[in-house]
Amino acid sequence: MANVKRVKRPLSPHLQIYRPQLTSITSILTRITGNALIVGTMLAVWWLLAAATSPEYFATADAVATSWFGDLVFTGSLWAVWYHYLAGLRHLYFDAGKGLDIPTAEKLGWGIIIGSVVLTVITILLVQ
């Protein structure tokens, strides 16, 4: 056998030496927002089921849904919908083989972050 000189390397990238890129952060955030939308959906479904059950049960669900917690969940869900939608459009763009170079991918990443916040604010202003 050949005399192989072994170099000691880490088995995986450690957090101390790995700097996350914007593209990886936006990809992870897409998965998080997709799963977080379940919380808003569950609150809305609970509210609707309570409305169909009884006035007393609806009063409880309505108190939660219209409280600061409900406002926080629904506002976060609104942002998550816009973010997830824009990230999906970016993914379709990537699937077409476009925008795969690093500068364009980073611009698209900032675009979905800023765009989701702007669209959330516009939606809130239009709904109120």
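Helices (H or I, at least four residues) and strands (E, at least two) are DSSP runs, numbered from the N terminus. What you see is a predicted model, in which local features need pLDDT of at least 70 and side-chain atom pairs count only at pLDDT 80 or more, while totals for chains, interfaces and linings use all residues. Residues are numbered from 1 along each chain as its sequence is written, and side-chain values use heavy atoms, with hydrogens and water left out.

Let us begin with the whole chain. The protein chain has four helices and zero strands, and along the sequence its pattern reads α-α-α-α. Its radius of gyration, taken over C-alpha atoms, is 22 Å, well over the 14 Å that the globule rule gives for 128 residues, so the chain is more spread out than a compact globule; that rule is 2.2 Å times the number of residues to the power 0.38. Along the principal axes, the C-alpha atoms fill a box of roughly 80 × 35 × 25 Å. Buried residues make up 22% of the 128 residues, where buried means under 20% relative accessible area, exposed over 50% and partly exposed in between (1.4 Å probe, protein chains only).

Now to the first pair. The axes of α1 and helix α2 (residues 55-65) come within 7 Å and cross at roughly 155 degrees. The two helices are therefore roughly antiparallel to each other; angles under 35 degrees count as roughly parallel, over 145 as roughly antiparallel, 65 to 115 as roughly perpendicular and the rest as oblique. Contact means heavy atoms within 4.5 Å, and on the α1 side the residues that meet α2 include W46 and W47, with Y57 and F58 among their partners' side. By class, this contact has ten nonpolar, two polar and one charged residues. Here Ala, Val, Leu, Ile, Met, Phe, Trp, Tyr, Cys and Pro count as nonpolar, Asp, Glu, Lys and Arg as charged, and the others, Gly among them, as polar.

How does α1 (residues 22-53) sit against α3 (residues 68-95)? They pack at an angle of about 140 degrees, with their axes 8 Å apart, and are therefore oblique to each other. Among the residues of α3 that meet α1 is S77. S77 is buried, with a relative accessible area of 11%. Not counting residues up to four places away in sequence, S77 touches L37 and G40.

The last pair is α3 and α4, whose axes come within 9 Å and cross at roughly 145 degrees. Among the residues in this contact are T75, L78, W79 and W82 in α3 and T120 in α4. By class, the contact has 15 nonpolar, six polar and one charged residues. Leaving aside residues up to four places away in sequence, T120 touches T75, L78, W79 and W82.

Note on methods. Axes fitted to C-alpha atoms, helices over the stretch in contact; angles between N-to-C directions.
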